[in-house]
Amino acid sequence: MIWASGWKLTSAVSNTGALGLIGAGSMYPEVLREHIQKCKASTNKPFGVNIPLLYPDIDKHIQIVIDEGVKIVFTSAGNPKTWTPLFKRNGMTVVHVIGSSKFALKAQDAGCDAVVAEGFEAGGHNGREETTTMVLVPAVTKAVSIPVIAAGGIATGRQMLAAMVMGAEGVQMGSRFVASEEASSHFNFKQAVINAAEGDTLLSLKKLTPVRLMKNKFFQQIQEAESRGAGEAELRELLGRARAKKGMHEGNLDEGELEIGQVSALLDDILPAGKIVENVWKEFIEGLNNPLEKCYI
């Protein structure tokens with residue numbers, strides 16, 4: 001949720017009773033502090049911060065989260081053993097994002113309170129195993145004893161119900177909230193998301209860190225380079241700096257990196273975050289009460 005989930009979206013989601021998360025991956029340390037403080041001023045409900053552990057100077061982000069008294073942190077893209085003990089010493093609930101049962105067990109052993117089982121359908125950085133949510137969630141719930149939150153390809157109440165039938169105790173949604181009024185994504189990107197069709201995203205950059213991207217001019221450049229066997233150095237040069245910002249935050253749909261999940265093909269409107277949560281919950285209850293009734297999104 002880089003360039004999408006700042007304090008406005010986070011507080012709007014939390015104010016509904018769901019758990020909003022600040023996406024710290026696109027923020028400098030002091031920008032993260034500002035978003036945390038504004039979020040605290042905008043909601044009296046719990047919220048958390050997602051911290052991708054692969055970024056440089058991540059210790060500064062972590063110190064700010066601790067200093068600001070954040071009580072819930074979701075970590076991803078790194079070894080949970082490195083920071084989880086520090087978080088726990090500061091009384092924080094720690095959830096780690098994983099893409100396989102193997103890493104779910106490592107997160108449990110590291111002391112995490114829960115894991116997010118994120119399937120291959122998800123947008124952004126993804127697991128190398130390419131395991132779908134339908135397979136990953138029951139596998140992870142079987143492997144660990146801590147709560148499992150399902151993610152990847154989930155944007156509706158019936159999809160949430162399906163995840164819970166498979167053993168998840170909750171779901172995490174990203175792409176649905178990119179197409180929200182409060183998301184800090186550029187309107188051009190939001191519009192591209194709701195216009196997306198099946199097959200408009202693909203997992204790319206597997207030699208670096210796998211990431212699901214919407215197809216555009218930049219994506220085609222990456223595909224051509226990978227097809228002729230480009231190495232890591234050439235791919236890093238092609239990726240350059242600030243590609244994600246250029247696409248998702250500044251709205252350059254040709255040259256930017258557009259990270260979004262497969263479920264974008266099911267989205268057709270940009271709504272307030274509160275309305276999204278309301279719709280998801282309503283459909284979840286309807287599905288719970290009438291499980292055999294067909295769903296028309």
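Which residues does His61 touch, not counting residues up to four places away in sequence? I began with this residue and found that His61 touches Ala24, Met27, Tyr28, Pro29 and Leu32, where contact means heavy atoms within 4.5 Å.

Before going on, I noted that this is a predicted model, in which local features need pLDDT of at least 70 and side-chain atom pairs count only at pLDDT 80 or more, while totals for chains, interfaces and linings use all residues. Residues are numbered from 1 along each chain as its sequence is written, and side-chain values use heavy atoms, with hydrogens and water left out.

**His61.** I placed His61 in helix α3, residues 58-67; helices (H or I, at least four residues) and strands (E, at least two) are DSSP runs, numbered from the N terminus. His61 is buried because its relative accessible area is 7%, and buried means under 20%, exposed over 50% and partly exposed in between, with a 1.4 Å probe and protein chains only. I also looked up Val31, which is 30 residues from His61 along the chain, and the C-alpha atoms of the two are separated by 9.7 Å.

**Sheet.** I traced an open sheet of three strands in the order β6-β10-β9, with antiparallel pairing; two strands pair if DSSP finds at least two bridges between them. The edge strands, each pairing on one side only, are β6 (124-125) and β9 (201-204). Helix α10 (residues 217-227) packs on the sheet, touching β9 and β10, and its direction makes about 45° with that of β9; axes are lines fitted to C-alpha atoms, for helices over the stretch in contact, and angles run from 0 to 180 degrees between N-to-C directions. β9 and β10 (residues 211-214) pair over four bridges, and Arg212 in β10 is the bridge partner of Leu203.

**Arg212 and Phe120.** The charged end of Arg212 sits over the ring of Phe120, 4.6 Å from its centre; the rule asks for NZ of Lys or CZ of Arg within 6 Å of the ring centre and within 35 degrees of the ring normal.

**Aromatic pair.** I found one aromatic pair. Trp281 and Phe284 are stacked, at 5.2 Å centre to centre with 20° between the planes; rings of Phe, Tyr and Trp (its six-membered ring) pair if their centres lie within 6.5 Å, and planes under 30 degrees apart count as stacked, over 60 as edge-to-face and the rest as tilted. Both residues lie in helix α13 (residues 273-289), three residues apart, and Phe284 counts as buried at 8% relative accessibility.

**Cysteines.** I counted zero disulfides, a disulfide being a pair of cysteine sulfur atoms within 2.5 Å. Cys39 is buried at 0% relative accessibility, and Cys112 is buried at 5%.
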